[in-house]
Amino acid sequence: MGFNQLAESDELILDEALERQRILETVINNSPIMAFLWTPDEDWPAKYVSENVTQLGYSAEDFLTGRIMYADIVHSEDIDRVRKELTRCCETGQESFVQRYRVLTGKGKVRWVEEKTFIHRDENGNVKSFQGIVRDITQEIKNEKALRDALESQKALMEKQKVLLERQKALETVINNSPTVVFLWKAEKYWPTVYVSENVRQFGYAPEDFISGRVLYGKIIHPEDLLLVELELEENCEEGGKEFNRQYRILTQSSEVRWVDEKTFIQRNEEGEITHFQGIIEDITQQVKRSDARG
C-alpha cells in the first residue's frame, strides 16, 4: 500500500470520526442534557461544553474562554457540599458519582440540576479530567415537592380525621352512657331522623328504626301532645328563634308512656331557611311522678 493510499485511508477515518462527532453533538444539543469536560483545577475550567448550555443562559464560549468557571454558577449554599463530594470521590478512587444541586442562570434565576460525572485518571491513578452530564431537573424537584406536600397534607388530614373520630367516639360513649338521647331531624313533617344516639334503646327502639324511616319521631309523640308540640315549634321558627324547649309525653316501643324534656337547636342555611333540628331528649318520667306525688 502506497503513501497516498495510507493518507486517503487516514483521511477517511478522520472524516468518519468527525461525522460521528457531529451526530453526537447534534443529539446532545437537541436534548435537555448538557455535556461538560472539566479539568481538575480549582473552580473546574471547561475544556468542552455542549452548545445547549444556552438553556442556562450562557454560551459555550463563556466557559471555554474562561470568562466563567463552572464553580461560579453553582449556588453559594451548595458549593461547599459539591466540592466535598467531588474531593471524597477522587480520594476514594471512585469512577463516577451523581449529585443534585442548584445553579444560577445567566439571568440570576435558580435552577436545580443533576450532575453525573465520570472521573478520568492516568496510568498512575491521578485525576486527569471530569466528564460531566448535567441535566436540568427543576420541574422534577417542583413535582417531588408538590408530591411531598400533598402527602404531608394527606397525612395531616388523616391525623385530624383520626383525632375527630376518637373525639366523636368518646363523645358518643359519654352520650350513650347517659340518659340523654341525641337526635338530628330533618325539618319536615313528623321529623325524619338523620342521626340518633345508640341509647335511644332505653325507649325500646333501635337507631335503625328511626334512621331507616320505619319510625318517625313525630309518630312516637303522644297523640294528645303532638299538636301542641307542632304548633309551638312552628311559632318559634316563624319568630326567628334559635332554640325550642318543651316537656311532653312519648310512647315507647311497648306503648309505655314516658315523659321527656326536649331541648332543640334550630339549624338554618345561609338563606335563613330551616333545614334541621338538633334535639336533646331527656327522660324525666320519674321527676314528673315525684312532682305529681308531692302535688
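This is a selection-by-selection tour of a predicted model.

**Whole chain**

Start with everything displayed. The protein has 295 residues, 32% of them buried. Its secondary structure comes to 9 helices and 10 strands. Colour the surface by element: the accessible area is about 18,800 Å², and carbon and sulfur atoms hold 52% of that.

**The loop between β1 and β2**

Select β1 (33-38) and β2 (46-49), then the loop between them, where W44 has its place. T39 is found in this loop as well. Show the side chain of T39 and its neighbours: leaving aside residues up to four places away in sequence, T39 touches W44, P45, K47 and F130. T39 counts as buried because its relative accessibility is 14%, below the 20% cut-off.

Now check the backbone at W44. Most residues other than glycine have a negative phi. W44 is not a glycine, yet its phi is positive, about 55°. Is W44 buried or exposed? W44 counts as buried, with a relative accessibility of 8%.

**The loop between β6 and β7**

Move to β6 (180-186) and β7 (193-196) and select W191 in the loop between them. W191 also has a positive phi, near 55°, in a residue other than glycine. The relative accessibility of W191 is 8%, so W191 counts as buried.

**F63 and its surroundings**

Select helix α2 (residues 60-64), which contains F63. At 1% relative accessibility, F63 counts as buried. Which residues does F63 touch, apart from those up to four places away in sequence? They are F36, A46, V49, V53, Y58, I68, M69, Y70 and I73. Draw a distance from F63 to V49, C-alpha to C-alpha: the two are 7.4 Å apart in space and 14 residues apart in sequence.

**A surface patch**

Switch to a surface view and select I33, F118 and I133. These residues form a nonpolar patch, and their accessible area together is about 200 Å². I133 belongs to strand β5 (residues 127-136). With a relative accessibility of 31%, I133 counts as partly exposed.

**Helix α8**

Select residues 223-238, which are the 16 residues of helix α8. From the first C-alpha to the last, α8 reaches 23 Å, close to the 22 Å expected at 1.5 Å a residue. Colour D225, L226, V229, E230, L233, N236 and C237, the buried residues of α8. Why do these residues line one face of the helix? Look down the axis of α8: the buried residues fall within an arc of 135°, so they line one face. On the other side of α8, E224, L227 and E238 are exposed.

Methods
Residues numbered from 1 in each chain as written. Predicted model: local features only at pLDDT ≥ 70, side-chain atom pairs only at ≥ 80, totals over all residues. Heavy atoms only, no water. Patch = residues over 30% accessible without salt bridge, like charges linked within 9 Å, V, L, I, M, F, W, Y side chains within 5 Å. Areas by Shrake-Rupley, 256 points an atom, 1.4 Å probe, with all protein chains shown as cover. Salt bridge = Lys/Arg side-chain N within 4 Å of Asp/Glu carboxyl O. Helix = DSSP H or I, 4+ residues; strand = E, 2+ residues; numbered from the N terminus. Buried < 20%, exposed > 50% of the residue type's maximum accessible area, 1.4 Å probe, protein only. Expected span 1.5 Å × (residues − 1). Arc of directions from axis to C-beta. Contact = heavy atoms within 4.5 Å.
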